Amino acid sequence: MAAFALLPAAGQCATCSRANLTRCLDSACAINISSNPAARCQYCGTSGAGTAPQSGAMRTVSIGASAKYSISDKELKSAPTEPGARYVWASTQCLAKVDGCTPDDIADTYDTLIEQSCRAAGINTQMSALQAQARQTKSRASCATDIRACIIADNKCTADFRECKENAAFDGFFATCSAQATGCDNYTSEIRKELISARDTAIKNADAMVNAIVQSYQNSRAKKLSDARATCTDNAGHDACIQTVCTNNMPNKCAGDSENAAATELCKFYKLACDTLK
């Protein structure tokens, strides 16, 4: 990377240990990579790969590694959050920790790992798009639950509709919520009438609405949990991920064991997520 031209050169008398160099860079760029294959791309690749978890989370890659070749939690507090800047920052730190290494060693050793991680991030994005597409057509009950949960959020009408006593305020929030509820265009007019009626009732008798509001939240949570479990049933999400990886990312479409194993590893995050729902 061109930015590395600005990095200080390490001493030339020692031989660079690229294994230690990778350990060092991973301590800043591969946080919790076992559960998030896109970590290297998100932390030190590109912001287009999505937002990485907070760097204060447990760094599974550093377990068992020598602290001598790892960037500490204290040092990470000074790390930039923008991926490109973080990569340059981490590289500067690691050139100081691992003797004999140069910016070329970093590029040769780590750029490929970031590229692999970015492919994983792309797979995550594709899966999210496929799941969103599958949700384009929803049942009326599902649409009503989603729009209602949005409308009664604290930053909109609130649970007792006190911020939507005026029609103009309600109409503005409803427009936002109905636009977010993809696949619900056929039901929005009816749902709006129902919510208007609910608002009028709430204003007249707030106490009578409490149980209905609680049930709405419960229905919303139950639906999200049901959707997640459906993805985990019979490994549906995991198998669909592997098929997507094989079709889009593997030269031989996973005809060989090595490509199939690589696709399975990239989709491991489905297994990890589904295990938490058991």
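Predicted model: local features only at pLDDT ≥ 70, side-chain atom pairs only at ≥ 80, totals over all residues.

Reader: Thanks! Can we zoom in on one pair? At what angle do α6 and α7 pack?

Author: Helix α6 covers residues 140-151 and helix α7 covers residues 167-180; they pack at an angle of about 135°, and their axes are 9 Å apart. Angles over 145 degrees would count as roughly antiparallel and 65 to 115 as roughly perpendicular, so α6 and α7 are oblique to each other.

Reader: And is that crossing left-handed or right-handed?

Author: The crossing of α6 and α7 is right-handed.

Reader: Which residues make the contact?

Author: From α6, I147, C150 and I151 take part, and α7 brings in F170, F173, F174, C177, S178 and Q180.

Reader: How do those residues divide into nonpolar, polar and charged?

Author: In the contact of α6 with α7, 7 are nonpolar, 2 are polar and none is charged.

Reader: Nice. Back to the whole chain: what share of the residues counts as buried?

Author: The chain has 278 residues, and 40% of them count as buried. Its accessible surface comes to about 15100 Å², with 52% belonging to carbon and sulfur atoms.

Reader: One last thing: what part of the contacts with a separation of 6 or more comes from residues 24 or more positions apart?

Author: Those residues account for 68% of such contacts in the chain.

Notes:
Residues numbered from 1 in each chain as written. Heavy atoms only, no water. Axes fitted to C-alpha atoms, helices over the stretch in contact; angles between N-to-C directions. Helix = DSSP H or I, 4+ residues; strand = E, 2+ residues; numbered from the N terminus. Parallel < 35°, antiparallel > 145°, perpendicular 65-115°, else oblique. Left-handed = near helix turned anticlockwise from the far one by under 90°. Contact = heavy atoms within 4.5 Å. Nonpolar A, V, L, I, M, F, W, Y, C, P; charged D, E, K, R; others polar. Buried < 20%, exposed > 50% of the residue type's maximum accessible area, 1.4 Å probe, protein only. Areas by Shrake-Rupley, 256 points an atom, 1.4 Å probe, with all protein chains shown as cover.
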